[in-house]
Structure formats: structure tokens, C-alpha cells
Amino acid sequence: MPHQAVAAGKRTPVEQRSVDALIKAAQHAESSCGAPAAFPFKLCPHRIRASGDACLCGILLAGPDRAKGQPSGFLQNAGFRTHPRPPLNSTRKKFGFQLIFSNAEVAGQLILSMVLARLLDPDDIGVYSMSAVLVAVAHLFRDFGVTAFIKRQKELSEDTLRSALGVVMCTSWTMALVMFLSAPLWSAFFNEPRVEHVVQVLAMGFVLIPFGALPGAILVRNMEVVRTAKAGLIALGVYFVVSVVLALQGFGHMTMAWANLINIATHVTAVRLLSTTKTPWIPGLKHWGRVANFGVGAMITSAMTAIDNAIPDIALGRLSTPTNVGFFSKANSTINIASSGVMPAVNYFALPYMARLHHGQGDIAAEVCRVTSYLATLLLPAMAMTALLANEVIFLLYGAKWLPSAVAVPWLCVSAGLGVLFSFVPAALMGIGKPYVAGLPMVLLLCLKAVFILLLFNGSLQSFAEAMVVAQVLTVPMGLWIQYRYLGIAPGRWLAMAARVVGLTLVLLGSMLALKWALPPLPAWATVLALGLPAAIGWAVLLRLFGLPLYGELRTLFVRWRQRGA
């Protein structure tokens, strides 16, 4: 892009030198916009205007003002004024708000889980988990991928929204009927009569879902963080109170089923009241083919993910006992604590953000690598510490009766850690319009898990968890091929990114393991505190030593915070 100054009058030598320096900096930044460590950005057409008295200059960046080899904020540090960047600042603030809100929800869910773990038995939670797994799979078919379609669309017409509502109603109500009628079969499959009533209550929620699906998807598409967070927190508060009251009243395995139904009704009501976009009440099917074409691919990918999450409950429920299902469920909940604090906020923005980046012809590969590096740098060390402190964490959170679940935690941490390294790929593939491809690794993973469960499971939770890890490792080659084929991420580039994060994690884990061996016997809370604080400090130091991109981002945020304080 040619950078030209349009003179409105005569400049002084000082003004001319300032303009020339600014143009040179802008040209350097534009030629370096492909730096993988930064947001891909474009220098938008700008005007450099001068008068006889003053020179007004501006560069509008659609991403961080970082050029290759320059720290973030180098234009400001060089003494130049830049125009405000509403899209970036708005997105960053929204992400920060969403991170706060999602962590508040996670904290609420965690507290509720701790309370219910003391009010309900493993058998009660196991029965609910066996029932809820069917609902988790059915949830993916109930909207036929319509919410993902809405989030990705550049423009939404009235006819498109009516068609989307029609598809959601057809699929959701069909799934409600199928679930309600098939509840006896699901109960017979597990040889557990209590499952039937849980499934029937959960099926009722599908009747309500269509009325909140479109307003909720549009709020996410428009990144209305505060409104979606309000709806979520209201529903969580009601769910929390109802769950505790029902558990105290002796509802047992039906506690969470009734609470879930009330939660759905509350969330639908809140979303409709808080929505800023009028959505139709009357369905239509004029554009159902276009909606379904994308929706089926998104649905398949989501369905594979849900089935993957359901495999432990299905397999253990069939091959073992409800108690083991409950123990494995708590092990999964333990390793998900760290990711639950980050991933909801990331998932909120992932699809609409990648779709906008694709529509704007941005650098998808650089963005996937950058976000993956950030996520892995945060989550892999946290999972490593969870594996090291599995017994202490489970004892503190859930009580002594759940300690048998600790044996599965280290293996599940390895499996989840591998998943983190590919966690942003499905959103990128759907963002570029390839939803069908996103489900391929999951299909392979499901097949491998089924095979290795049959080969390795000997009745123990540890052998079951080992089967999960082996299957996850064997899917890595396909993940690398898909990244290279559709996103342009070469295996070497991915490995270079992953190697530094894994290296940091292993060094931190080794040092904390040595410290744990050196410590005398301590209560669970004291052990967590004695290792947690040094681990946090060590992580910050290693972040700088390994030169990970997250260090630069945190340093930039800290500098800006200090500048604002000054």
C-alpha cells in the first residue's frame, strides 16, 4: 500500500521529519504483518494530513501494533500517536469480561459439585451420569448445528432466522419424543431401573430449548458478553438453589434431573428477556437446505465430541458398576477444573472470531498457532500439577469417600493435555467453512478408544484411563495432517510450538515432584499450598526462560496497566 502525505500547507522541517518517520514505521509494520507471534493485522487506508501549524497523523490497526522484531506498542513507545482501535480494544475487554463471568460460573459449579458430593452418594451421581450421557448426545442433534450456523453467518435475514427456528423445532422436539419413549430401553441397557425416570425428566427440557436457541446464538454471534453472562449466572443461581434443596429433601438420583429442567426453563426465559435482537416465534423452512448443509457438518463434529465425552459413562456403566462411573466422573471433573476457567471464554469467541478472520482474509494458521500456544502454556502446567496433587485435591474438594478416583487422574491429564494442543482446530475449520473435516480426528479417536478399552480394561479405573491415553496418542498424526492440509500449519511449525510448552511443563513437574518428595508428611491443604505457590512462581520464571509468546502478552498488559495507573 503506498503511504503518501497530502499536504494542506507548508510543513516545517521538524514536521516533515515526523511525517517521514511515521510513514517509514508504517511501511515496516505492514511488511512484517505475518509475524506468527502477533495477531495478524492490516494497515487500513489512512490519511496523513498537515496544516501550516500542525501535523495530524494516524494509523488504524485491526490488531496489536506489533511488527516483526518489535515489542507490542512500539509505535506508541516511539513517540507516535495512533488512533484508537475500537475492534481490538472491544474484543479484548469482552474477552476479559467473559473470562471473569465464565470463571464465576465455574466457581459456582465447583462449589455445587462439592456440596452435592457430600449430600449424595457415588451411586446416586453414577445413576445420573449414566442417564445424562444419553442427553448429552441428544443435545447435539436437537439443533442440527443451527447455532453454529448462526454464529458463522456474515448476515442474517428474517427468512434465515425463521428457517433456523423451524429446523431447531423439528429436531429438538423429535429428540424429546425419542428420548422419552426410549427411556425404558436405556434403563434395560444399563440394567438399572432408576435410569428410566431420570431420562424422561431430562427429555422434557428439549421441548423448551428451541425458544432460547436463536436469541442465545445471536447474542454470542454479536459478542454480547454481559447479556449472555447475566443469563448464565441467573440460571446458575436458580440451578444451585434448586439442586441443594432437592438433595436435602432426599430426591437422591433425581436431584440433578429436576434441577436441570428448571435450569433450562430459567435460561430460556433470561435469554429472551435480555436479547437485543428480535427473533421470530413462527418457524419457516424456506432456506432449510442452506441451514442444514452447514449444520449437519457442525452437528457431526459436536456429536463426535459428545460421544467421546460419553464413552466412559457408557463403557463403565456397561462393563462395571454405577459406583465406578461416579468415581471416573469425579476424576474427569478434577482435571477439567483448570480448563473450565479458560475454555468457556475461548469457546465463546472462537467460532465467530475465526469466521470474521476468514471473511477478512486474515492469517488463520498464525492465529491458530498463537492461541494454541497461549492455551497450552496456561493449561498443561496446571494439569501437571493436578496429576501430582490428585489425592490432595480430590480429598479437599469432594471428601475421603472419593479418593479411589485419584488413580485415574494422572492418565486423564495426559490425554487432556494432548487434546489441548489441538483444541482450537475445530473452531478454525468451521470458521473457514469445513465443518465436516473437523469431525474426522474424533471419529478415529472413538474407534481407537473402543478398541483399546476392550484390549486393556481389566476392571480397574487405571486400566480404563490408560486406554484413553493410548487412543489419544494415536490420533496425533491425523490431527497434524488436517492442520497442514486445511489450515496451512506445517508439522514442524506445530512441533516447534508444542516442544517449548511441553518442555516448560516437564521442567516444572520435575522440580515440584522433587519438592514433594522432600516435604515431610503434611495435611492435604498444606501440601497443596506448599507446592502451589512455588509452582506459580516457577511457572512465571520458566515462561520467560522458554521465551513463550504468552510472556510478551502478559508483559504488554502489565506495562499498559502501569501506564494507566500513572
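In which helix is M430 found? M430 belongs to helix α17, which covers residues 425-431, where helices (H or I, at least four residues) and strands (E, at least two) are DSSP runs numbered from the N terminus. The model is a predicted one, in which local features need pLDDT of at least 70 and side-chain atom pairs count only at pLDDT 80 or more, while totals for chains, interfaces and linings use all residues. Residues are numbered from 1 along each chain as its sequence is written, and side-chain values use heavy atoms, with hydrogens and water left out.

With a relative accessibility of 12%, M430 counts as buried, a word that here stands for under 20% relative accessible area, with exposed meaning over 50% and partly exposed in between (1.4 Å probe, protein chains only). The C-alpha atom of M430 is separated by 8.2 Å from that of M354, although the two residues are 76 apart along the chain.

Taken as a whole, the chain comprises 24 helices and three strands, and 51% of its 566 residues count as buried. Its exposed surface comes to about 25,700 Å², of which carbon and sulfur atoms supply 66%; accessible areas come from the Shrake-Rupley method with a 1.4 Å probe, and for residues only the protein chains shown count as cover. Among the contacts in the chain with a separation of 6 or more, 81% are accounted for by residues 24 or more positions apart, a contact being defined by heavy atoms within 4.5 Å.

In soluble globular proteins, nonpolar side chains tend to be buried together. The term nonpolar core is used here for a set of buried Ala, Val, Leu, Ile, Met, Phe, Trp, Tyr and Cys residues joined through side-chain atoms within 4.5 Å. The largest such core in this model has 121 residues, and V368 and L487 are those with the most contacts inside it. Helix α14, residues 364-388, gives the most to this core, contributing 13 residues. Because domain 1 (90-299) and domain 2 (320-565) both give residues to this core, it lies between them; the domain bounds come from an automatic or database domain assignment. When residues up to four places away in sequence are not counted, V368 touches M354, F424, V425, A428, L487 and I489. Apart from this core lies another, of 12 residues, which include L161, L165, V167 and V168.

Helix α6, residues 158-190, holds M175, which counts as buried at 19% relative accessibility. P283 has its place in the loop between α10 and α11 (288-319), and at 39% relative accessibility P283 counts as partly exposed. Its neighbours within four places in sequence left aside, P283 is in contact with R162, L165, G166 and M169; for P283 and G166, which are 117 residues apart along the chain, the C-alpha atoms are separated by 4.4 Å.

Helix α10 itself, residues 255-274, has 20 residues and reaches 28 Å from its first C-alpha to its last, close to the 28 Å expected at 1.5 Å a residue, the expected span being 1.5 Å times one less than the number of residues. Its buried residues include T255, M256, A257, L261, I264 and V268. T255 is also one of the contacts of A247, which, with neighbours within four places in sequence left aside, is in contact with L116, L119 and L120 as well. A247 is found in helix α9 (residues 225-248) and is buried, with a relative accessible area of 9%. From C-alpha to C-alpha, A247 and L119 are 6.4 Å apart in space and 128 residues apart in sequence.

Another buried position is Q472, which has 12% relative accessibility and its place in helix α20, residues 461-474. Leaving aside its neighbours within four places in sequence, Q472 is in contact with S415, L418, G419 and L445.

As for the cysteines, the structure holds zero disulfides, a disulfide being a pair of cysteine sulfur atoms within 2.5 Å. C170 is partly exposed, with a relative accessible area of 45%, whereas C369 counts as buried at 9% relative accessibility.
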